[in-house]
Every structure is written in C-alpha cells, then in structure tokens.
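Subject: Structure handover

Hello,

Here is the structure for you to look over. My notes follow below it.

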Amino acid sequence: MIPKKMPVKDAHIVKIAVQRFDKLAQLINLDQRHPLASKIQEICTIWGINDHQNYALQFSETNNKKYVTEKNRIEIKNGSVLLLQYSPSKTAMDTLHTLREGNDQEKVKCLKELMVLSTDLTFALEFIKEKGLSIIINMIEDVTQSDNEILKYSLGSFVELMEHGTVSWEVPENSFVERNINIVRYFQNYQHSHIQCVESAVSNLENIVQSSKYALVAEKVKLQDLLRILQEVNSSVLRQNTIALINALFMKADEQKKREIADTISAKQYRLALIGNGRSTEMTHQLYVLQTLTLSLLEKRMRMKMNAQDQDAHEKIKELRHIAFDDYSAAVGPTDEHIRRGGCGSSSGGNIHFPQYYKKLGFKCDINPAQDFIETPPGMLALDCMVYFARNYTQQYTKIVHENSCRADEHECPFGRTSIELVKVLCDILRIGEPIAEQSGDFQPMFFTHDQPFEEFFCICVITLNRTWKDMRATAEDFQKVFSVVHEQITRTLKDKPENLEDFRSRIALLTYQQITTLRAQERTSKEQCDSSTSAIVKLKEKISPHIIELIKQQRLSFLVEGTRFSKYSRGTRTKDKFWYARLSPNHKVIHYGDCDEKTIPTLEELPKKLPIIDIKQLLEGRECPHMKEHSRIRKSAVSLAFSITFESIEHSTLDFVAPDETAFNYWTDGINALLGLEMHSKQQKEDFDTLLFMEIKLRLLDTEGVDISKDPPPIPEDPESYDFCFES
C-alpha cells in the first residue's frame, strides 16, 4: 500500500482561536501575509457584527494584553488564543465620553481600566491623539475633587501614558507641577489605600526635574518632606521613587545645593531611613546612585593641588606635626613660614629642626611637605583624611608615627607617603569622579552609617595598611607590593557588603596578609598559565583544544537554557522595574522570551514569544545595535553591554538586549555565535579557554612529574650499517 503524501506545511499560516465574551470561540487559520483588517471583518461577519471597523484583536496572556497590530502580529504563534475587542480608537472615544459625562462611580471604574489600557502603546497613542492626556491633567489639577479614588487612578494613568516617551515632559504646566508637589508635601492625607497617589506624584516630579521646570520643583519640594516619607511610609515603591527624586534633584543642583543635600541626609535619623529594610534591585541601584553622588562631592578636593598661598592647608600640616610630636606644639609662627621656604627654624629655646619631624611623619619632601600634595588625585583630599585621622584617632595616629620612628629606616612605614597613596587607592576603588554606571548595584550600606563615611573608611584602612606593612616586614622597595595586598584586602571585604563601618573593621581585620597569601596561592594554582614552550606540549594543546572549545560551547548553551532577566530600555534609557526574560529551549532550536517581574523565573510555557534559531541572520554588538544608534544620550556602560539579533526576513525588527553585567553579555554573545556556527570571541571565552587548557595539560602531565621534558624532540638516530639483524635465542 502506497502511503498518502503528507501536505506541505505553510509557515505563514498559524492556527489560532478567537474568543469574545458573548460568542462561541472560532478556530481559524490566520495567514500572516494578509492584512489583519480583512481577517477581523471575516470574524465579525461570522458573529453577525456589522461595524467591524470598530474592532481589533488582542492578546489574552496574563502578562500580555496588547492589541495585535501589523508590527507585532509576528508574536502570534500556533495555538494562540486572541480576543476580539473594541479597537483602540473606539475604546479611547468611549473612555473619553465616560470621563466627560459619567458620574464619579463610572469615572473610577473607567480610570481603573484606563491604567491597564495605557500600558499598550497602540491605545496610548490613540488616547493622546484625541486629547485624552489634557483631560487626565485637568482631573489631576482639580483640587475641588474630593474622591481620592479618581485622583489615584488619574495619576496612575498619567504615569503609564507618559512612560511611552511620546509626549515631552515640557507639556505639563506649572499648575500641574504644583499639584503634584502639594500631594507629596501633604502625603499624610493619602495614607493606606491612597498611597499610590503619592507614588505617582513622586514619579512625575522625578521626570519633571529633568525639564525646564526644575527650578519650580527645587524651590517648593523640601528635602525634609521627602526624608519624612522615607521615615514614615512602608511602601517599597514610594521609598524607591522618593530616593530616585532625591537623586534627580541632586544631579541638577549646583555645588552649594549638593552639599546642603548631602549634609541633610547625613543626619543619623535620615541615614537610617534611607537604607531601611528590604532592598529590591531597583532600590539598590537608586541607593548606589545616591552613594556615588555624595562621594562625588570629594572630587573637587581630590583634584585640587596644594596652593602655596593656602594658609589653612599649611596649618593642617603643622597640626599633624604638633599632634604627633607635642613637645614642640608651641613652636609655630615665623619659623614654620621659614621652613616652607626651605630653611629650618629656631627659637629662644634652641634650634628646632622641623624637617626631622616631617621625615618621621613620612613625607617625601621633608623640607617642604606641601610638595607631597601636588599630585592629583588624591590632591588635598589626602591631607583632609590625614588630619581627620590625627584629630579623631589621636592615640592610633601617634602610635603609628612613633612606632615607625623607632624602626630601622629600611622597615619604617612612612605615614605621609602611604596615606597619600592610600587615599588614591580608595578613590580608585570607589570610582570617585567616574560616571554613574547604568545598571550597577554596587551599593555599600556602610557609607550611610556615618556623617563622615569616607574619612572613617580611610581611618580603618590606614590602620590595616600599617598592620599589613609590619606583617610583610616590608621595606621601601616593597611599597607597591604592600599596596597590592591592601587593595585586595579592601576589595575582598567590600564584596561582602558590610552593613556598617564596624562590620567592615572586623571583617578586614580577619583578612590578614597571611590569609591573602593563602588565597592567592590557591587562585594561582587554579589559574596559572601553562608557559611550557616544548613542541610536545604545543602539539598536545593543539590536540585537546577542540575538546575545550566544545566544552565552553556546551556551558554557554546551558547558560542560555537557564535564561537571563534583562532590563527594559525605552528611548535609550533604562525603564525602572520593567524586566523581560529570555531563555533557550533545551533542544537549542528556539529562544523563548517575554515580560517578567523582578523575582520570579518564568518557565518556557510562561514566555509567549518565540524566535527560531534558524531565522537568525546576524548578531550585532555595541554601537552597531539599532537601539544604541538611535539615541545619542545612552551611557557608555549600556552600549558596552548591548547586543541585537537580526532576522533573515526584512519584515521583522531586531530583538534588542542590554545585558545586566559583562558576564551575561559574554555568555549570551558566545552562545548565539555558537548556535550560528561562528567562532566565540569574547574576552571571557579566552580566559575560560586558557584556564581549562591549563588544567587539562596539568592533569595529563601528572605522570611526568620530575621528568625533564626537553624543548626539542630527541634527534632521529643515524641509519645502521646493515639491516641484517641477527636474533639469537
């Protein structure tokens, strides 16, 4: 019996179901090449609906209620269930009619639905086109409106409509700005069920600060009001929005205003309110931004050279000497001025050789120590930290200075020189003066537990530095070696995110030089490169390299199968609290992706969108990506983590990513290249390859331990005189 020929499947046709609340579902074949309008007319005809132009299809997934358009119809897959609903234009007109003519109860219901609908760009554009945004603004500005439910949903709808970035924040008038300011200032009136009013108002003000109306917000929004919100309100969303508003005001403020903000939030009651309890990813990022902004106030001093005419700075240098060597605390005045000019002082009590004391303090230029503060960074910031340590930790300061004075010259730890270098290292670790990272969460809670956090941080580290110098029995020649250890002690401790400075102090005290040496030895053993240049080892490397590459490829694909949560970007900037998830199917044939929240990891079934690997044309990275080319104000950190997938079909747009970190970027780009049959070329791939190759070589050479492997193969012996060998039994 000849088997029947199977029909050829048309890739352009998808089998879907269409539902309507009062109708029996239709199972239809949707040809993606035909206009949607004709299919909607056909569906309406079957159900006896005459005004088909007032209807549209809508996705029905829990996390996807968008209208189906010609642009996003590619998201429709076999088995999709769509809804037949009123079209965006019809819905927008009905909504506006209710908002104009309806009673309060009808308006509340309508606004509640509007908040959900406004998340869809297609509807939002229709609603804004029909002047709907003006009506929402008028409802928000209406102070006679006593129903807070109307205000809550009006503000929420406004936030969602503006989120699309199609309307400039220059549009709202001063009256609207002042209405939002009043809601924030009198937030106690909107507690409990209406706290969303304050959440939306704070979010609006954060965006308005970026516009020309910054001065109005800065004048009328009191920092104390925002800090009281952090103290009194438990809403995590409101706390996060409030810190974001403080950051926005901080960024736009002038130098004096920035210092006033920093001084205010450094008060103990406000510091505790800032860090609070329970920190989401976005909250951690906003706190990191605030931390970076406050620390950036040190940049001016960090880049300031010592001025020979700066009398205050010269007095600080003298103070360092007086505190350490108080026997001559009264010996100030003309002799010190003379010292700065290169001489030595004298008084009626006899000759006083100040350079000797400045040498004991560890300055490189003991004749004129002011010369030590010319290099920037750390500039004058180093002097500020040294004086702070001497004033507030006098006992430890004098102990360090006198201990080193008593040591042999070659083993002394010069306090002045090491302190200046330490401040430079701390500025580098904390990235003072560098731009804010777009997605960084490198927030250190301990910097919000003291009113002088950087200076306290320095005091702990300078004590650690002196202890490490002694542990290493270092000399002046070991200066850089000591600082490499100290740098590692500090960075390893910061990775643990100590909650306060005392926690940092106790943790770094455990990380001694001996402990660092042990950790380094372990890491060196695991990462040491195989530097053998013998031909045998080279050939062995060539033989096992394909296996190593395949191993890395499988690891990358496993990472893609596990999936990654990505932040959403709109018009070149990261959208707060908006995420999407992407993961590769176990058979490595399809990438599944879709919206998600911050905490859950969706399964393949929960990700509605699919991208067949066979449809991928090319992988783009960095500035080559369309979403990076279109916007000039994108930060460099985001550009370096961006990549896009292009499709074979010119009808489809690209799938754009911005990785959360460099590791995820390397793994995804390597994985996609591997799926396309291309070479993996990331920096991480090179490191992994070298590490695995080294380990494999070491394992294979275990049996040759103690055997000398020559660089060249042994010579081939000469031919024998005769091949007539005789074997005797």
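Which residues are buried in H5? They are Gly 132, Leu 133, Ile 135, Ile 136, Ile 137, Met 139 and Ile 140. Please keep in mind that this is a predicted model.

H5 spans residues 132-141 and is mostly covered, with seven of its ten residues buried. The cover over those buried residues includes helix H2 (88-101), helix H3 (104-117), helix H4 (121-129), H6 and helix H7 (174-185).

Leaving aside residues up to four places away in sequence, Ser 154 touches Leu 111, Ile 136, Met 139 and Ile 140. Ile 136, Met 139 and Ile 140 are among the buried residues of H5.

Now the whole chain. There are 30 helices and 13 strands. The chain has 729 residues, and 48% of them count as buried. Take the contacts between residues at least 6 apart in sequence: 66% of these join residues at least 24 apart.

Next, a helix pair. How do H22 and H23 pack? Their angle is about 130°, and their axes are 10 Å apart. H22 covers residues 453-472, and H23 covers residues 479-494. The two helices are therefore oblique to each other. Their crossing is right-handed. On the H22 side, the contact is made by Phe 457, Cys 461, Thr 464, Leu 465, Arg 467, Thr 468, Trp 469 and Met 472. H23 brings Phe 479, Lys 481, Val 482, Phe 483, Val 485, Val 486, Gln 489, Ile 490 and Leu 494. Sorted by class, the contact of H22 with H23 has twelve nonpolar, three polar and two charged residues.

Then the aromatics. How many aromatic pairs does a search of the whole structure find? It finds 27. Two are described here.

- Phe 389 and Phe 458: the ring centres are 6.5 Å apart and the planes are at 85°, so this pair is edge-to-face. It links distant parts of the chain, 69 residues apart. Phe 389 is in helix H19 (residues 380-392), and Phe 458 is in helix H22. Both Phe 389 and Phe 458 are buried.
- Phe 643 and Phe 657: this aromatic pair is stacked, at 4.5 Å centre to centre with 10° between the planes. Phe 643 lies in strand E12 (residues 642-647) and Phe 657 in strand E13 (residues 655-658), 14 residues apart. Both Phe 643 and Phe 657 are buried.

Phe 643 and Phe 657 also belong to one aromatic cluster, together with Phe 566, Trp 580, Tyr 593, Phe 665 and Trp 668.

Last, Ala 536. Is Ala 536 in a helix or a strand? Ala 536 lies in helix H26, residues 535-562. Ala 536 is partly exposed, with a relative accessible area of 47%. What is the distance in space between Ala 536 and Pro 713? From C-alpha to C-alpha, Ala 536 and Pro 713 are 7.4 Å apart. In sequence they are 177 residues apart.

Best wishes

How values were computed:
Residues are numbered from 1 along each chain as its sequence is written. This is a predicted model: local features need pLDDT of at least 70, side-chain atom pairs count only at pLDDT 80 or more; totals for chains, interfaces and linings use all residues. Side-chain values use heavy atoms; hydrogens and water are left out. Axes are lines fitted to C-alpha atoms, for helices over the stretch in contact, and angles run from 0 to 180 degrees between N-to-C directions. Helices (H or I, at least four residues) and strands (E, at least two) are DSSP runs, numbered from the N terminus. Angles under 35 degrees count as roughly parallel, over 145 as roughly antiparallel, 65 to 115 as roughly perpendicular and the rest as oblique. A crossing is left-handed if the near helix is turned anticlockwise from the far one by less than a right angle, and right-handed if clockwise. Contact means heavy atoms within 4.5 Å. Ala, Val, Leu, Ile, Met, Phe, Trp, Tyr, Cys and Pro count as nonpolar, Asp, Glu, Lys and Arg as charged, and the others, Gly among them, as polar. Rings of Phe, Tyr and Trp (its six-membered ring) pair if their centres lie within 6.5 Å; planes under 30 degrees apart count as stacked, over 60 as edge-to-face and the rest as tilted. Buried means under 20% relative accessible area, exposed over 50%, partly exposed in between (1.4 Å probe, protein chains only).
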